Amino acid sequence: MARTMERWFPIETKRLRLREYVPTDEANVHEYACDPLVARYDSWGPNTAAQTHEHFSRRMAEQRKWPRADVTLVAELRREAKVIGSVRLWTVDEANRTAEIGYTFNRRYWNNGFATEAAAPLLDRAFHSLRMHRVIGTCDTRNAGS
């Protein structure tokens with residue numbers, strides 16, 4: 001993704017705004033990052049407040065770099081201006097133009113199609129703006145929702 005010089009976000013969908021982190025997002029991020037059910041199929045968490053703060057600080061610092069091959073955006077519920085999750089798109093193989101997509105959502109918002117709604121424009125940006133040939137996603141097979 002580093003080859004494009006234009007930012008391809010923020011992105012607005014019918015219900016979501018996919019945008020970079022701002023300092024006031026940390027409490028909403030921790031709300032889902034500390035949930036054992038949210039983290040059960042991931043390689044991280046559930047987070048302590050200190051772990052969320054470190055993750056959050058790292059993401060805020062990463063955002064200052066552009067271009068970058070790894071973009072994580074919060075998923076903000078537009079109507080409430082509340083962060084309910086995050087989405088990530090990152091280059092895994094620049095030579096073969098391959099990216100990976102991932103997401104995490106607050107359990108209170110599961111089963112409402114938010115991950116699908118967020119993934120669709122990310123895939124569009126990956127294939128059209130970033131000219132990727134393929135986008136992969138991995139999932140623990142026990143995670144039926146994903």
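Glu-76 and Arg-19 are both buried, a word used here for under 20% relative accessible area, with exposed meaning over 50% and partly exposed lying in between (1.4 Å probe, protein chains only). Their side chains meet in a salt bridge, 3.0 Å from N to O; the term stands for a side-chain nitrogen of Lys or Arg within 4 Å of a carboxyl oxygen of Asp or Glu. The pair links distant parts of the chain, since Glu-76 sits in strand 3 and Arg-19 in strand 2 (residues 16–19), 57 residues apart. Helices (H or I, at least four residues) and strands (E, at least two) are DSSP runs, numbered from the N terminus.

This is a predicted model, in which local features need pLDDT of at least 70 and side-chain atom pairs count only at pLDDT 80 or more, while totals for chains, interfaces and linings use all residues. Residues are numbered from 1 along each chain as its sequence is written, and side-chain values use heavy atoms, leaving out hydrogens and water.

Asp-25 counts as buried at 3% relative accessibility. Arg-17 pairs with Glu-12 in a salt bridge at 2.7 Å between the closest N and O atoms; here Arg-17 is partly exposed at 23% relative accessible area, and Glu-12 is partly exposed at 46%.

Now turn to helix 3. In this helix, Thr-52, Phe-56, Arg-59, Met-60 and Gln-63 are buried. The buried residues of helix 3 pack against helix 1 (26–33), strand 3 (70–77) and strand 4 (82–93), with contact meaning heavy atoms within 4.5 Å.
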